[in-house]
Every structure is written in structure tokens, then in C-alpha cells.
Amino acid sequence: MKTFQKPLTADEEKLYLRKYLEGDPEAKNILIERNLRLVAHIVKKYQGIEEDPEDLISIGTIGLIKAVSTFNPAKNNRLAAYASKCVENEILMHLRSRKKCSREVSLYEPIGTDKDGNEIRLLDIMESDLEDAVEKYSLEQDIRLLYRLMRTELTSQEFQILKMRYGFFGEPEETQKVIAGKLGISRSYVSRIEKNAVEKLRRYFQRELPLLKNS
């Protein structure tokens, strides 16, 4: 990580806050620049996750800018304490969004239609028990196709990781971190394998489903 300027003293902070509230834009820049070390300190808490520290610093800096823009000296003692919460919140919102999107981006895309013309999503099949899905969604044909493709088109590692990740075949659903630990590989590698396997299934499913329905 880059080297950041030293934090402001309490007196310096009061001075630049007063100047900023009086309309000095340069004072705002100084308040932000001299608190970037705080952002870097908070980012260190998230070491080991699948995020570039520089990206997290950029995200955290957005929180810092919001903190400087909304800080009220009459209600808060020090900017650093208030900014810490804003930076943390910005990073957490980003991580929650990434976690949600990483699993939904492929799973929510349509992979075909049923006999009534309704869209079929991979998620509808992957997160449903075989018998329950047949009863609730009448997707028996599609589910059996997906299960066959999993066994025939995925590598053994892809098959194993998807089983563990999504709880297939009675397996408990696990996080990427847990799977990485069990398999002795990195979490980022698990993520890549999972993403590639889902995309592979989606491509094969789109190719095989029309053939199956026209047969």
C-alpha cells in the first residue's frame, strides 16, 4: 500500500473543519488526504478476502469523503471516529453487494423456457430439491438434464465444488472459504472454478434443452 500523510492533530482538524465550513474547498481536500491513513488501517481488517486492497481503499475513500461532507462538529467529537464508521459502512456495503452479485450474475440469467413459455433460470433448479422441484415447478425434464450434464460435462473438481457450494446430493452448503480449506486450495481458485462450472453448465443447458424438447 502507498504511504499516507500523517493524521491531523486535534487543533489542525478544528482549523480545517472551520475553514471547510466557511467554504474553503482546499480545506476539504486536506481533511480527506490527511485521513487516508485511517482508510488504509480499516482496509487491513479485510486482508485475506478476495478483494484488491487498493480497490478497497478506493471504496473506503468514498466513505471518507461522505464523512467529511456530513460531519457536524457540534454533534461529534472527532472526525476520525465518525469517519471510521462511514468508511466501514461503505466497504461492507460493497462486500455484501459483491457477495450477492457473484452468485446471482449467472444463476439468474435465463437458460431456456418450459413447455408453457416461462423462463427457466439455473437458480430455479440448483436451489431446489429434485422431488420438490418436480412437484412445484414441473421441471423434471430440465432437472434431469442438468444433473446429467453435471456428471458428464464437469471435471471431477468442478463437480465436487458445485456439490459443496450449493448443497447438491445431500451435501451441506459451504462457503468458498470452507471449501478452499477442505480442498487445500485458495479461495480465489475456488471462486474461479465455481464461476467456470456454472457458465459451462449454462452453455450446455442452452444447447441441449432445445434438442431435448424437439426430440
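A contact means that heavy atoms lie within 4.5 Å. In the protein chain, residues 24 or more positions apart account for 57% of the contacts with a separation of 6 or more. The model is predicted, so local features need pLDDT of at least 70 and side-chain atom pairs count only at pLDDT 80 or more, while totals for chains, interfaces and linings use all residues. Residues are numbered from 1 along each chain as its sequence is written, and side-chain values use heavy atoms, with hydrogens and water left out.

The secondary structure comes to eleven helices and two strands, where helices (H or I, at least four residues) and strands (E, at least two) are DSSP runs numbered from the N terminus. Read from the N terminus on, the elements follow the order α-α-α-α-α-β-β-α-α-α-α-α-α. Of the 215 residues, 40% count as buried; buried means under 20% relative accessible area, exposed over 50% and partly exposed in between, with a 1.4 Å probe and protein chains only.

Glu13, Tyr16, Leu17 and Tyr20 are the buried residues of α1. Seen down the helix axis, they fall within an arc of 105 degrees, so they line one face of α1. The arc is that of the directions from the helix axis to the C-beta atoms. On the face turned away from the buried side, α1 carries the exposed residues Asp11 and Lys14. Before α1 comes a segment that holds Thr9, and after the helix comes Gly23, whose phi is positive, near 105 degrees. Thr9 is partly exposed, at a relative accessible area of 43%. Although 25 residues separate Thr9 and Arg34 in sequence, their C-alpha atoms are 9.9 Å apart in space.

Next comes the interior. A nonpolar core is a set of buried Ala, Val, Leu, Ile, Met, Phe, Trp, Tyr and Cys residues joined through side-chain atoms within 4.5 Å. The largest such core has 29 residues, of which Leu31, Leu64, Val68 and Ile91 touch the most other members. At least two residues of this core come from each of α1 (10-21), α2 (25-33), α3 (36-43), α4 (53-70) and α5 (79-107). Leaving aside residues up to four places away in sequence, Leu64 touches Ile32, Asn35, Leu36, Val39, Ala83 and Val87. A second, separate core of 14 residues includes Met150, Ala197, Leu201 and Phe205.

Aromatic rings were also examined. Rings of Phe, Tyr and Trp (its six-membered ring) pair if their centres lie within 6.5 Å; planes under 30 degrees apart count as stacked, over 60 as edge-to-face and the rest as tilted. The count by this rule is one aromatic pair. The ring centres of Phe71 and Tyr82 are 5.7 Å apart and their planes stand at 55 degrees, so the pair is tilted. Phe71 lies in the loop between α4 and α5 and Tyr82 in helix α5, so the pair ties together parts eleven residues apart in sequence. Phe71 is buried, with a relative accessible area of 6%, whereas Tyr82 is partly exposed at 22%.

Finally, helix α11 (residues 187-214) contains Glu194, which is buried at 5% relative accessibility. The side chains of Glu194 and Arg165 are joined by a polar contact of 2.8 Å.  A polar contact is a pair of N or O atoms within 3.5 Å; within protein, one must be able to donate a hydrogen and the other to accept it, and residues adjacent in sequence count only if both atoms are side-chain atoms.
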